[in-house]
Amino acid sequence: MVASHTRIGSATQRLWYFDALRAIAILAVVTIHAAITEWHQAPVESWRWDVLNWINSLPRFCVPVFLMISGALFLDPSREVTWRALWRKYLPRVAAAFAAWSLFFALVNVYGPGGSGSFPELVTRFFTGHFHLWFLLALMGLYLLVPILRPIVRDRRVAWYFVGLALPFAYVFPMLERVPAIGDVLGSMLGAAKLELVLGYSSYFVLGYLLSRVRLQPWQLWALAGAGAAGLAATAVGTAAVSRRAGEWDELFYGFLTPNVLAVSVAVFCLVKAAGDRGDPAREPSRIVGFLSNYSFGIYLVHPFFQWVYRQFGLTTEFAHPLISVPALTLLVLIPSAVTAVLISRIPRVGRFLG
């Protein structure tokens with residue numbers, strides 16, 4: 001997750017489709033977190049669970065899209081990304097945000113209503129981080145890989161080979177480990193191979209750069225849209241199937257490193273980019289899009305607090321049909337989160353590290 005004006009080395013770039021993607025992705029993040037609590041609690045045989053399952057399936061592209069935007073920017077060969085900048089600017093900012101917000105949420109959970117008041121638990125929660133702060137740790141890991149990934153993308157064939165290698169090893173084979181009979185054997189083989197270079201989120205980083213450099217034909221965009229629709233259906237139908245078989249919710253198909261979520265993420269990235277390519281890519285976004293893009297990082301960091309506040313008063317998505325309650329709760333969380341992000345950004349000296 002990067003600011004709308006991303007300064008890398010001496011270059012500054014702002015593209016309309018990056019702003020639009022950030023705005024869409026942060027809305028998707030808040031929507032997931034608004035809907036996921038009741039989805040975890042509702043009986044998997046209920047109609048509400050089915051509706052929530054489809055709602056939760058649609059926005060799974062959010063994290064991959066954020067990673068692809070960062071990859072498109074940090075791996076651009078025309079931009080100078082120095083070791084000094086990585087270690088003295090980008091990494092410290094993310095690390096500081098993790099430390100500050102991890103402490104904040106640890107204090108809220110331990111000493112807030114219903115908390116244990118246990119100092120050892122506070123320490124544990126601080127180091128493990130709140131549930132949403134895992135993304136910052138993943139981002140720091142990718143920043144550390146930037147000096148390695150940049151030489152890879154200098155040769156497009158090597159970069160596509162990297163992504164192609166990741167497809168089976170990072171997206172397909174791990175899911176097949178859940179298949180009876182072959183899963184144990186495949187897991188043993190993968191564990192022995194330890195092909196870890198292409199595992200994790202580095203493939204999204206590289207893919208974001210590659211997709212930012214291509215201009216697709218209409219038929220290719222239609223094909224990607226079809227693949228994205230199929231990926232969405234696979235996410236919802238697959239989740240329903242494995243959950244009902246287990247008798248409880250199962251997030252196997254919700255994983256960001258799954259073929260179905262990959263298909264949706266690529267479709268969203270390419271379709272929004274194509275919309276930007278039709279006009280001036282550097283044109284100014286609308287006020288709402290620009291605002292959400294500028295403060296997406298701060299909104300991401302603070303929004304679980306307002307969800308927690310609402311839960312203290314019993315406000316969840318159960319007050320109405322999910323098609324009404326989820327969008328309503330999303331807005332109720334998004335608006336104060338955005339206001340808070342703006343206020344935090346204006347704190348002298350430390351504001352830019354906190355949001």
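Q: Which residue forms a salt bridge with Asp277?
A: A salt bridge here is a side-chain nitrogen of Lys or Arg within 4 Å of a carboxyl oxygen of Asp or Glu. The model is predicted. In it, the closest N and O atoms of the pair are 2.7 Å apart. The partner of Asp277 is Lys273.

Q: Which helix holds both Asp277 and Lys273?
A: Residues three or four places apart in an α-helix point the same way, because each turn takes 3.6 residues. Asp277 and Lys273 are four residues apart, about one turn. Both lie in helix α11.

Q: Is Lys273 buried or exposed?
A: The cut-off for buried is under 20% relative accessible area. Lys273 has 7% relative accessibility, so Lys273 counts as buried.

Q: How many salt bridges does a search of the whole structure find?
A: Side chains of opposite charge can pair when their charged atoms come close. Some of these bridges are linked: Asp76, Arg79 and Arg213 form a network. The search of the whole structure finds nine.

Q: How far apart are the closest N and O atoms of Arg125 and Glu121?
A: Both residues lie in helix α5, four residues apart, about one turn of the helix. Arg125 is partly exposed because its relative accessibility is 33%. Glu121 is partly exposed too, at 26%. The closest N and O atoms of this salt bridge are 2.8 Å apart.

Q: What is the relative accessible area of Arg157?
A: Arg157 forms a salt bridge with Asp155, with the closest N and O atoms 3.6 Å apart. Asp155 is partly exposed, at 28%. Exposed means over 50%. Arg157 is exposed, with a relative accessible area of 69%.

Q: Which helices each supply at least two residues of the nonpolar patch?
A: The patch covers about 600 Å² of surface. Leu103, Leu107, Tyr111, Phe119, Val123 and Phe127 make it. The helices that each supply at least two of its residues are α4 (83-111) and α5 (119-128).

Q: Why does Phe119 count as exposed?
A: Phe119 lies in helix α5 and is one of the residues of the nonpolar patch. The cut-off for exposed is over 50%. Phe119 counts as exposed because its relative accessibility is 54%.

Q: How many disulfides does the count come to?
A: A disulfide is a covalent bond between the sulfur atoms of two cysteines. The rule asks for a pair of cysteine sulfur atoms within 2.5 Å. By this rule the count comes to zero.

Q: Which cysteine sulfur is nearest to that of Cys62, and how far away?
A: Cys62 is in no disulfide. Cys62 counts as buried because its relative accessibility is 3%. Cys270 is also in no disulfide and is buried, at 5%. The nearest cysteine sulfur to that of Cys62 is that of Cys270, 17 Å away.

Q: How many residues of helix α9 are buried?
A: Helix α9 spans residues 202-212 and is mostly covered. Its buried residues include Ser202, Tyr204, Phe205, Gly208 and Leu211. The count of buried residues in α9 is eleven of eleven.

Q: What covers the buried residues of α9?
A: Among the buried residues of α9 are Val206, Leu207, Tyr209 and Leu210. Several other helices contribute to the cover. They include α1 (16-41), α3 (62-74), α6 (134-153), α7 (156-176) and α11 (259-277).

How values were computed: Residues numbered from 1 in each chain as written. Predicted model: local features only at pLDDT ≥ 70, side-chain atom pairs only at ≥ 80, totals over all residues. Heavy atoms only, no water. Patch = residues over 30% accessible without salt bridge, like charges linked within 9 Å, V, L, I, M, F, W, Y side chains within 5 Å. Areas by Shrake-Rupley, 256 points an atom, 1.4 Å probe, with all protein chains shown as cover. Buried < 20%, exposed > 50% of the residue type's maximum accessible area, 1.4 Å probe, protein only. Contact = heavy atoms within 4.5 Å.
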